Amino acid sequence: MAFRKTNKLSLATSLMQILRCCSTLERKYAGRELPVDVPKGHFAVYVGENRRRFIVSISLLAHPEFQNLLQLAEDEFGFDHVMGLTIPCEEVAFRDLTSTLR
């Protein structure tokens, strides 16, 4: 999988959009509890053709390789879709990448 280079302003804008989406969770789950399987400091992403759910640390947001995946997600899906943050990447490649970034 090849990643294209993006400028820092675009990545910063993308990260701000993700944070805004995450901040709406409080309103979305008003009166209900947040999912218990997502610990504080983590978030869920959906990966691959089958949209398998992964729980990842927010510390991954600081890694350029993960930022490239976020840029790909923005290009393919945008940020206004129902299922949550979806990463257009094969599950195996995503697992390999996240395990090296820890």
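Contact is taken here to mean heavy atoms within 4.5 Å of each other. The structure described is a predicted model. In this model, the buried residues of helix H4 pack against strands S1, S2 and S3 and against helix H3, which spans residues 64–77.

The sheet is open and comprises three strands in the order S2-S1-S3, with mixed pairing. Strand S1 (residues 42–47) and S3 run parallel and are joined by two bridges. Val 47 has Ile 87 of S3 as its bridge partner.

Helix H4, formed by residues 91–101, lies across S1, S2 and S3 and runs at about 10° to S2. Within H4, the buried positions are Glu 91, Phe 94, Leu 97, Thr 98 and Leu 101. Viewed down the helix axis, the buried residues of H4 fall within an arc of 130° and therefore line one face of the helix. Val 92 and Thr 100, on the other side of H4, are exposed.

Packing between the two helices was examined next. H3 and H4 meet at an angle of about 145°, and their axes are 10 Å apart. From H3, Glu 65, Phe 66 and Leu 69 take part, facing Phe 94, Leu 97 and Leu 101 of H4. Classified by residue type, this contact of H3 with H4 consists of five nonpolar residues and one charged residue, with no polar residues.

The largest nonpolar core contains 17 residues, and those with the most contacts inside it are Val 45, Val 56, Phe 66, Ile 87 and Phe 94. Two or more residues are given to this core by each of S1, S2, H3 and H4. H3 supplies the largest share, four residues.

The surroundings of Phe 94 in H4 illustrate how these elements come together. Apart from neighbours within four places in sequence, Phe 94 is in contact with Val 45, Val 47, Phe 54, Val 56, Phe 66, Leu 69, Ile 87 and Cys 89. Among these partners, Phe 66 and Leu 69 belong to the H3 side of the helix–helix contact, and Ile 87 is the residue of S3 that is bridged to Val 47. Phe 94 is itself buried, and Val 45, Val 56, Phe 66 and Ile 87 are listed with Phe 94 as the residues having the most contacts inside the largest nonpolar core.

Note on methods
Residues are numbered from 1 along each chain as its sequence is written. This is a predicted model: local features need pLDDT of at least 70, side-chain atom pairs count only at pLDDT 80 or more; totals for chains, interfaces and linings use all residues. Side-chain values use heavy atoms; hydrogens and water are left out. Two strands pair if DSSP finds at least two bridges between them. Axes are lines fitted to C-alpha atoms, for helices over the stretch in contact, and angles run from 0 to 180 degrees between N-to-C directions. Buried means under 20% relative accessible area, exposed over 50%, partly exposed in between (1.4 Å probe, protein chains only). The arc is that of the directions from the helix axis to the C-beta atoms. A nonpolar core is a set of buried Ala, Val, Leu, Ile, Met, Phe, Trp, Tyr and Cys residues joined through side-chain atoms within 4.5 Å. Ala, Val, Leu, Ile, Met, Phe, Trp, Tyr, Cys and Pro count as nonpolar, Asp, Glu, Lys and Arg as charged, and the others, Gly among them, as polar.
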